[in-house]
Every structure is written in C-alpha cells, then in structure tokens.
Amino acid sequence: MKKYILLLFMFSGTFSIANAQGNGEGRSEKVQALKIAFLTQKLQLTSAEAEKFWPVYNQYENEIQSVRKENKSGDMLDGEQKLLDTRKKYKDSFERILGPQKLNTLFIAEKEFRTILIKRLKERRGN
C-alpha cells in the first residue's frame with residue numbers, strides 16, 4: 001500500500017512538472033515514464049519478465065498510437081475494432097511472457113493509468 005501511495009505521489013509531482021513545461025514533447029516523455037513506472041509496479045515484474053516484456057510492449061504501444069492517429073477523424077467503431085485487433089494480436093505474446101493473470105492486470109492497469117491521467121488533466125484545466 002505504501003508503494004502505491006508513493007507511486008501516486010510521485011505521479012502527481014512529476015505530472016505537475018511535466019504540465020509546467022511548455023513543450024508537448026517533454027510532457028509526452030514524462031507521461032510515458034510515469035506509465036512505465038505505474039505498469040511495472042502494478043504488474044510486479046521480475047527482471048526476467050521485464051527484459052522480455054518491455055520490447056514487446058513498446059512495439060505494441062507504437063502500433064496502438066498509430067491506429068489512434070490514423071483513425072482520429074474516421075469511423076469510431078472501425079477505430080475501436082482496429083484497437084481491439086491490435087490488442088488481440090499481442091495477447092499471445094504478452095501471455096507467454098506474463099501469464100494469464102498478469103495479462104488481465106496489464107489491460108486493467110492501462111485503463112487505470114489513463115483514468116488517472118485524464119482526471120489530472122481535468123483538475124489542471126479546472127484550476
């Protein structure tokens with residue numbers, strides 16, 4: 001529990017610094033670093049798992065970002081289907097590395113991170 005609170009505190013402080021920066025590129029890098037720390041903590045990766053997981057996850061993340069960029073102004077359902085197809089494509093790779101339980105935790109943690117990030121952005125814009 002202490003680790004979780006520390007991680008959230010670190011997340012808040014780093015996000016504040018990232019938000020204070022003027023350029024979007026620095027902010028994106030900070031958010032990415034926070035996401036890595038968040039997922040590592042949530043998944044409780046061993047060093048062997050992390051060594052295998054992060055290269056595959058980075059490739060997966062790049063494909064997800066490409067799909068989102070391509071479909072920004074397109075059909076919403078087609079975009080969601082492409083995202084789902086990409087997730088299914090990587091499911092077996094992730095499952096071999098993490099196992100089925102941690103695979104579910106991965107997708108839940110990604111949603112949780114996104115929710116926290118959106119909440120923080122809304123708070124910032126509100127103040």
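A pocket is defined on a 1 Å grid over the protein atoms alone as an open set of points where a 1.4 Å probe fits, with protein on both sides within 12 Å along at least five of seven lines, and its lining residues have an atom within 4 Å of a point. The model is predicted, so local features need pLDDT of at least 70 and side-chain atom pairs pLDDT 80 or more, while totals for chains, interfaces and linings use all residues. Residues are numbered from 1 along each chain as its sequence is written, and side-chain values use heavy atoms, without hydrogens and water.

**View 1. Lining of the second largest pocket.** Gln65, Val67, Arg68, Lys69, Asn71, Lys72, Gly74, Met76, Gly79, Glu80 and Leu83 form the lining. H3 and helix H4 (76-98) each give two or more residues; helices are DSSP runs (H or I, at least four residues) numbered from the N terminus. The volume is about 250 Å³, taken as the space filled by probe spheres set on the points, with grid points joined across faces, edges and corners.

**View 2. The largest pocket.** Its space is about 510 Å³. Of the 18 lining residues, Val31, Gln32, Glu61, Gln65 and Leu117 lie nearest the centre. H5 gives the largest share, six residues.

**View 3. Contact of H3 with H5.** Glu49, Phe53, Tyr57, Tyr60, Glu61 and Arg68 of H3 meet Lys102, Leu106, Phe107, Glu110 and Arg114 of H5, contact meaning heavy atoms within 4.5 Å. The axes of H3 (residues 47-70) and H5 (residues 100-126) come within 14 Å and cross at roughly 50°; axes are lines fitted to C-alpha atoms, for helices over the stretch in contact, and angles run from 0 to 180 degrees between N-to-C directions.
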